[in-house]
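Let's take a friendly look at one protein chain, beginning with the whole and then moving to a single residue. Have the sequence and the 3D view ready as you read.

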Amino acid sequence: MNLKTKRLVLRPVSAHDKAALFAYRRDKTTNCYQGCWIPENEEEAAAFIAKFAKEMNVPGSWFQFVIAEKGQQRIIGDLGIRFPDNDVHQVEVGCTLSKEYHNRGYASEALSRVIDYVFGELQKHRI
């Protein structure tokens, strides 16, 4: 399942994305709001990818999209949706964007599309 915007494609993260994800997630500035996890190598990025749910809307899991530019398909970030165990009507979201793509409206564009999806398709009531 892909979500599209004017400039972006959000698609499920895959093992093939480990190098691209590692390239921006290893940067402390880019990753400063993602807790303490900074990958040391591509294998850690692969392990990070492997832990995500393969299906959307699984209680107690995170579903992760990569954010790619349309046309070029270059991965510029990722966006996760967490589905809590204790509230089937609520989700949490988190977004990481490579610092070279900051201040261009990409995060707002990706989040806007995910918010529409969460409320419209998934019928959630709170983010």
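Predicted model: local features only at pLDDT ≥ 70, side-chain atom pairs only at ≥ 80, totals over all residues.

## The chain as a whole

Residues are numbered from 1 along each chain as its sequence is written, and side-chain values use heavy atoms, leaving out hydrogens and water.

Here are some values for the chain:

| Property | Value |
|---|---|
| Radius of gyration, chain | 14 Å |
| C-alpha box along the principal axes | roughly 35 × 30 × 25 Å |
| Distance between mean positions of positive and negative charges | 4 Å |

The radius of gyration (over C-alpha atoms; globule rule 2.2 Å times the number of residues to the power 0.38) agrees with a compact globule of 127 residues, because such a globule would have a value near 14 Å. The charges are 18 positive and 16 negative (Lys and Arg against Asp and Glu, without His and the chain ends).

Along the sequence, the pattern reads β-β-α-α-β-β-β-α. Helices are DSSP runs (H or I) of at least four residues, and strands (E) of at least two.

## A closer look at Gln90

Where is Gln90 placed? Gln90 is in the loop between β4 (75–83) and β5 (92–97). Gln90 counts as buried because its relative accessibility is 18% (buried is under 20%, exposed over 50%, partly exposed in between; 1.4 Å probe, protein chains only). Leaving aside residues up to four places away in sequence, Gln90 touches Arg82, Pro84, Lys124 and Arg126 (heavy atoms within 4.5 Å).

Technical notes: Charge placed at Lys NZ, Arg CZ, Asp CG, Glu CD.
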